[in-house]
Each structure stands twice: as C-alpha cells, then as structure tokens.
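Here's a quick briefing to read alongside the model. Have the viewer open and follow along by topic.

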Amino acid sequence: MYRKIRVIVLIVIIYFIAILAKNLYEYRVKTIDEAIGFNLDNVYKVEILRNEQPKITEDKEKLKN
C-alpha cells in the first residue's frame, strides 16, 4: 500500500514539473520571429516608426530584402 502511494505521488510530482518546464519555455524571452510567428507570405504592409516618423512600405520586393 505504501509503495502504491509513493508511486502515485512521484508521478504527480513529475507531471507538475513537466507543466512548469513547459510554461517556463513558453514565457521565455523570444525573438521577434518567434513572438509573432513571422511569415513573409502573410505580410502585406510594414510600418517602422523611427524618431516619431512612420515609414510604410507595401512593396513585396522591399519586404523580402
């Protein structure tokens, strides 16, 4: 009986450690590509704000370079 309880407790502890590790991985500091799932096929316009001046481009060739 004691052995069964010990195994169940060990499984529960391992389960919670796995959930914690997954959450720590998901909420780590990410690159911009990872954060927004960057895919140039879905991008139609890019706006860059520099010194309070927006620069907008919708040219597909400029987006890929």
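Met 1 is exposed, with a relative accessible area of 77%, well into the range that counts as exposed because the cut-off is over 50%. Met 1 sits in the segment before helix H1. Keep in mind that this is a predicted model, so every value here is computed from predicted coordinates.

**Helix H1**
- H1 covers residues 2–26, which makes 25 residues.
- The number of buried residues in H1 is zero, so the helix lies largely in the open.

**The aromatic pair**
- Searching the whole structure turns up one aromatic pair.
- The partners are Tyr 15 and Phe 16, with ring centres 5.8 Å apart and planes at 65°, so the pair is edge-to-face.
- Are these two buried or exposed? Both Tyr 15 and Phe 16 are exposed.

**The hairpin**
- Strand S1 (residues 46–50) and S2 pair in the antiparallel sense, over five bridges.
- Within that pairing, Glu 47 stands opposite Ile 56 in S2.
- Two residues lie between S1 and S2 in the hairpin, and Asn 51 in the turn has a positive phi of about 55°.
- S2 takes in residues 53–57, and none of its five residues is buried, so S2 lies largely in the open.
- In a regular strand, side chains alternate between the two faces of the sheet.

**The whole protein**
- The protein has three helices and two strands.
- Read from the N terminus on, the order of elements is α-α-β-β-α.
- What share of the 65 residues is buried? Buried residues make up 3%.
- The protein exposes about 6,800 Å², and carbon and sulfur atoms supply 61% of that area.

Note on methods. Residues numbered from 1 in each chain as written. Predicted model: local features only at pLDDT ≥ 70, side-chain atom pairs only at ≥ 80, totals over all residues. Heavy atoms only, no water. Phe/Tyr/Trp six-rings, centres within 6.5 Å; stacked < 30°, edge-to-face > 60°. Buried < 20%, exposed > 50% of the residue type's maximum accessible area, 1.4 Å probe, protein only. Helix = DSSP H or I, 4+ residues; strand = E, 2+ residues; numbered from the N terminus. Pairing = 2+ DSSP bridges. Expected span 1.5 Å × (residues − 1). Areas by Shrake-Rupley, 256 points an atom, 1.4 Å probe, with all protein chains shown as cover.
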